[in-house]
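Dear colleague,

I am handing over the structure below, together with some notes on what was found in it. Please read them with the model open beside you.

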Amino acid sequence: MNPDQREILFWHPLADNRIQCDLCPHYCSLKEGQRGVCYVRGNTNGQMQLHTYGRSSGFCIDPIEKKPLNHYLPGTPVLSFGTAGCNLTCKFCQNWDISKARNMDHLCNAATPEQLAITAKKHACRAIAFTYNDPVIFFEYAEDVAAACKATNMKSIAVTAGYISDAARARFFSSFDAVNIDLKAFTDHFYRHICGAKLTTVLDTLIYLKHETTVWFEITTLLIPEKNDSDAEIEALSRWISKNLGQNVPLHFSAFHPDWKMQDIPKTPLTTLLRARDIALKNGVRYVYIGNAHHPQASSTFCHNCKALLIERDGYQLGHWNIHDGRCGQCNTLTPGYFENTPGNWGPKRQLVKINSR
């Protein structure tokens, strides 16, 4: 699709030649030539324009566990890509060179939705993942790529902070087969002062996904020392998940490393991740994993009923496989997710991909 012909959604005109973006809860009011918080949506001649349609910072084939998704087609390869910009202003952003990019020349790669789907199929990928920066802000491009995926029997995965308006939420998530929601913390103070956002919006997104869709989703929380890693906060977060989303939504605790505007904070110790995992398990979350740290047991999947090892993981490498038709090979208990009878064999490889945009 020609991006100049693509209708840009979720905005309306205001007085004095301004327009308002209705895509996310910032509701940016924009004068002519002005861009929103995300920097990629702006007012051009009184119309909303998406400046990153069809452009990317690069394409790469990753293991699906890197998204992270542990209960969705384990071991399979996914074609990952992002654009530029973000509608959050996280001071700890670990993809800041992409999400904070203000030079659109940074987006040196181009691809139509159809080219992306064809390339993913050519490389035997099972899905395309919208990642590196948040697909909410390139809504229209993401929607068109997801449609091209569906036409070629390819799955679509969104890695997102879930910071989206009530008006746009249903249409956005209707495009995807699987989602990872980045739950940054469990206090509004953290969201307001470190991310420039509101916790309640993200919780609304999680409740919507659970109760209004059939989309498979998992949750990731990056634990930052002395910012969101207290026992009390992890207790509250895991209790809320168990109560409002149920026990079967996988939860990933990921390790922080110093970056962007938080380079004075040390990396997250492995002991913190394991402590958080224990707290979440105690509060009823059945599948709790750690990321950005090496610990095979805390990265593997176990049956919640008989505790048998179902999927062994050492980093992104899969080993022992004991799950058949989605059930434990030992006690036949159903394990929630989307599993095939044999694991994918992509392993930890990372493969850069070039797309001929002609």
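A residue is called exposed here when its relative accessible area is over 50%, and buried when that value is under 20%. With a relative accessibility of 68%, aspartate 16 is therefore an exposed residue. Please bear in mind throughout that this is a predicted model.

Aspartate 16 sits in the loop that runs between β1 (11-13) and β2 (19-21), and its phi is near 60°, which is a positive value in a residue other than glycine.

The peptide bond that joins lysine 67 and proline 68 is cis, with an omega of about -10°.

Turning to the interior, in soluble globular proteins nonpolar side chains tend to be buried together. In this model the largest nonpolar core has 90 residues, and the members that touch the most others are Phe92, Leu116, Ile128 and Leu183. Apart from that core lies another, made up of 11 residues, among them Tyr72, Val78, Ile157 and Trp216.

What is isoleucine 128 in contact with, once its neighbours within four places in sequence are left aside? The list for isoleucine 128 consists of Leu79, Phe81, Leu116, Ala117, Ala120, Val145, Cys149, Met154, Lys155, Ser156 and Ile157.

The last point concerns two helices, α4 (residues 166-173) and α6 (residues 199-212), whose axes come within 11 Å and cross at roughly 40°. Because of that angle, α4 counts as oblique to α6, and the crossing in which α4 passes α6 is right-handed. On the α4 side the meeting residues are Arg169, Ala170 and Phe173, while α6 brings Thr201, Asp204, Thr205, Tyr208 and Leu209. Sorted by class, this contact of α4 with α6 includes 4 nonpolar, 2 polar and 2 charged residues.

With best wishes

Technical notes:
Residues are numbered from 1 along each chain as its sequence is written. This is a predicted model: local features need pLDDT of at least 70, side-chain atom pairs count only at pLDDT 80 or more; totals for chains, interfaces and linings use all residues. Side-chain values use heavy atoms; hydrogens and water are left out. A nonpolar core is a set of buried Ala, Val, Leu, Ile, Met, Phe, Trp, Tyr and Cys residues joined through side-chain atoms within 4.5 Å. Buried means under 20% relative accessible area, exposed over 50%, partly exposed in between (1.4 Å probe, protein chains only). Contact means heavy atoms within 4.5 Å. Axes are lines fitted to C-alpha atoms, for helices over the stretch in contact, and angles run from 0 to 180 degrees between N-to-C directions. Helices (H or I, at least four residues) and strands (E, at least two) are DSSP runs, numbered from the N terminus. Angles under 35 degrees count as roughly parallel, over 145 as roughly antiparallel, 65 to 115 as roughly perpendicular and the rest as oblique. A crossing is left-handed if the near helix is turned anticlockwise from the far one by less than a right angle, and right-handed if clockwise. Ala, Val, Leu, Ile, Met, Phe, Trp, Tyr, Cys and Pro count as nonpolar, Asp, Glu, Lys and Arg as charged, and the others, Gly among them, as polar.
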